[in-house]
Every structure is written in C-alpha cells, then in structure tokens.
Amino acid sequence: MNSLAHEIEGFSKVHLRKQSTRVTTVTGKKLLETRNGDDFHVADDLQQDCDAACGFVQDLNMDLQVGTIRPFLLLSSQDAAHDIDTLKKYKVTHVLNVAYGVENAFPQLFTYKTVTILDLPETDITSYFPDCFEFINQASQQGGVVLVHCNAGVSRSASVVIGFLMSQEKLSFEEAFSTVKSARPYIQPNPGFMNQLKKYHP
C-alpha cells in the first residue's frame, strides 16, 4: 500500500492525455469540456472540434419534424417540444412528455403532463396507456392540440400514439403503425414495445 500511495503522489497530471468530453446541459446547449493536465477549458461544441478520435459522424441538427397523426394529435422529438416557434406553428396547447430526464420547457404557456417511461424492451408500456390516453382525450375535448414526445420521438411516444389509435379508433396494430409511420417515418418502437402492441387488445 505504501508503494501504491508513493506512486500516486509522484504521478504528474502532465502524463495524462488530452481529454475532451461532450456535455448536453438541461437546456439542450451542447458544450465541449477539454482537460489537458491542469488546464480545463469549456467551449461551445462545434462540429469541427470532432477530430479523428470520433468513431462516428455526429448529427448536430435539431429534429423539428412534427408528425400530424390527427388534427388534435401530434408526434415529435424533444427538440420540437423545446422549440417555441414549432409549437406555435402547429397551434399546440397541450404537451404529453413521456421521456426520461427531459424537462417541460414552457410550463407557463402550455398544459403539460409528464409520464416518465424508460425505453427498455422489458418496460410494460401498455400500463402507461390509460394515463396518457386520458390526457390526450381531455385535450381533444377542450378543442386543443396535444404534442406527444419522448427523447427522439421514435420509440416511446410513437408506441403511445399507436396504442391510442388502437384503443380509441379500434384500428388494428398494422393500421395504427402504418398511420403513425406515414406521419413520422423515423418511428421504430423497440422490440419489446412492438411485441406488446401486437398483442394489445384494448
């Protein structure tokens, strides 16, 4: 132990490799934290900062595409839910947030409901349906427009909307899935959600 303590004490930070970490704040701002020995620097994360060390090409574009499922029912990612111009453009009045760790951006302007769902195949997504459907129906009955979103608008929120069409309009899984995918082509519920939806009989 003495030799290990001595080795740690004698270690110099100058031997550490330069390390950069990309951080997304709760407001969605992307930062690049760079540590090189005792030097620590934070800057806006720009695409050109991504050098050969990146194993993939980052997509830094915001996903503001909104799928119109019904006149009162929209589907999107958290990007659109956090963009006031997009929300106004689609005349959104209600927002159903089924993401994990995504804050509601404009609580003073819209009626929000947060139903935290994990995007895991073993999550029982159908157990969240009654709560979600009640909120969507309330928005519709009030003449409002509800935007359903998760993080990417691909799995959780898409599953909720598919389930809603199956429950409220008695569509088959195939019909509901096709309807939602036509409105938002990116959707891809995880395999567990897909299996649950196929077996779902409201």
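**Exercise 1.** Is Lys170 buried or exposed? Work out its place and its backbone angle as well.

*Solution.* The model is predicted.
Step 1: take the accessibility. Lys170 stands at 60% relative accessibility, and the cut-off for exposed is over 50%, so Lys170 counts as exposed.
Step 2: find its place. Lys170 lies in the loop between H5 and H6.
Step 3: check phi. Lys170 is not a glycine, yet its phi is positive, about 55°.
Step 4: compare Lys91. Phi of Lys91 is near 55°, also a positive value in a residue other than glycine. Lys91 is in the loop between helix H3 (84-89) and strand E6 (94-97). Its relative accessible area is 62%, so Lys91 is exposed.

**Exercise 2.** Describe the chain as a whole.

*Solution.* 
Step 1: count the elements. The chain has 7 helices and 8 strands.
Step 2: take the burial. The chain has 202 residues, and 38% of them count as buried.
Step 3: look at the contacts. Among contacts with a separation of 6 or more, 56% join residues 24 or more positions apart.
Step 4: take the surface. The accessible surface is about 11,900 Å². Carbon and sulfur atoms hold 52% of that surface.

**Exercise 3.** Locate the largest nonpolar core and say which element gives the most to it.

*Solution.* 
Step 1: size the core. The largest nonpolar core has 36 residues. Ile69, Leu73, Leu96, Val98, Val160, Ile162 and Val180 have the most contacts inside it.
Step 2: assign elements. Those that give two or more residues to this core are strand E5 (73-76), helix H4 (129-141), strand E8 (146-149), helix H5 (156-168), helix H6 (173-183) and helix H7 (191-199).
Step 3: pick the main contributor. H5 gives the most, with 7 residues.
Step 4: examine Val160. Neighbours within four places in sequence are left aside. Val160 then contacts Leu96, Val98, Ile117, Ile125, Phe129, Cys132, Phe133 and Val148.
Step 5: Another core, of 12 residues, lies apart from the largest one. Its members include Val92, Val95, Val145 and Leu147.

**Exercise 4.** Which residues of H6 are buried, and why do they fall on the same side?

*Solution.* 
Step 1: list them. Phe173, Ala176, Phe177, Val180 and Ala183 are the buried residues of H6.
Step 2: take the arc. They cover only 135° around the axis, so they sit on the same side of H6.
Step 3: recall the helix geometry. With 3.6 residues a turn in an α-helix, residues three or four places apart point the same way.
Step 4: name the partners. The buried residues of H6 pack against strand E4 (67-70), E5, H5 and H7.
Step 5: turn to the other face. The face of H6 away from its buried side carries the exposed residues Glu174 and Ser182.

**Exercise 5.** How many salt bridges does the structure hold, and which parts do they link?

*Solution.* 
Step 1: count. There are 3 salt bridges.
Step 2: take Asp63 and Arg184. Their closest N and O atoms are 2.5 Å apart. Asp63 is in the loop between strand E3 (39-44) and E4, and Arg184 is in the loop between H6 and H7. This pair links distant parts of the chain, 121 residues apart. Arg184 has 0% relative accessibility and so counts as buried.
Step 3: take Glu169 and Arg70. Their side chains meet at 2.8 Å, N to O. Glu169 lies in the loop between H5 and H6, Arg70 in strand E4, 99 residues apart. Glu169 is partly exposed, at 32% relative accessible area. Arg70 is also partly exposed, at 21%.
Step 4: take Lys113 and Asp131. The N to O distance in this salt bridge is 3.6 Å. Lys113 lies in strand E7 and Asp131 in helix H4, so the pair ties together parts 18 residues apart in sequence. Lys113 is partly exposed at 23%, and Asp131 is partly exposed at 37%.

**Exercise 6.** Is His149 buried or exposed, and which residues does it contact?

*Solution.* 
Step 1: His149 lies in strand E8.
Step 2: judge the burial. His149 has 1% relative accessibility, so it counts as buried.
Step 3: list contacts beyond four places in sequence. Among them are Ser76, Ser77, Gln78, Ala81, Val95, Leu96 and Ser157.

**Exercise 7.** Which residues make the nonpolar surface patch of about 290 Å²?

*Solution.* 
Step 1: name them. The patch is made by Tyr100, Leu118 and Leu120.
Step 2: Leu120 is in the loop between strand E7 (111-114) and H4.
Step 3: At 34% relative accessibility, Leu120 counts as partly exposed.

Definitions and conventions
Residues numbered from 1 in each chain as written. Predicted model: local features only at pLDDT ≥ 70, side-chain atom pairs only at ≥ 80, totals over all residues. Heavy atoms only, no water. Core = buried A, V, L, I, M, F, W, Y, C linked by side-chain atoms within 4.5 Å. Buried < 20%, exposed > 50% of the residue type's maximum accessible area, 1.4 Å probe, protein only. Helix = DSSP H or I, 4+ residues; strand = E, 2+ residues; numbered from the N terminus. Contact = heavy atoms within 4.5 Å. Patch = residues over 30% accessible without salt bridge, like charges linked within 9 Å, V, L, I, M, F, W, Y side chains within 5 Å. Areas by Shrake-Rupley, 256 points an atom, 1.4 Å probe, with all protein chains shown as cover. Salt bridge = Lys/Arg side-chain N within 4 Å of Asp/Glu carboxyl O. Arc of directions from axis to C-beta.
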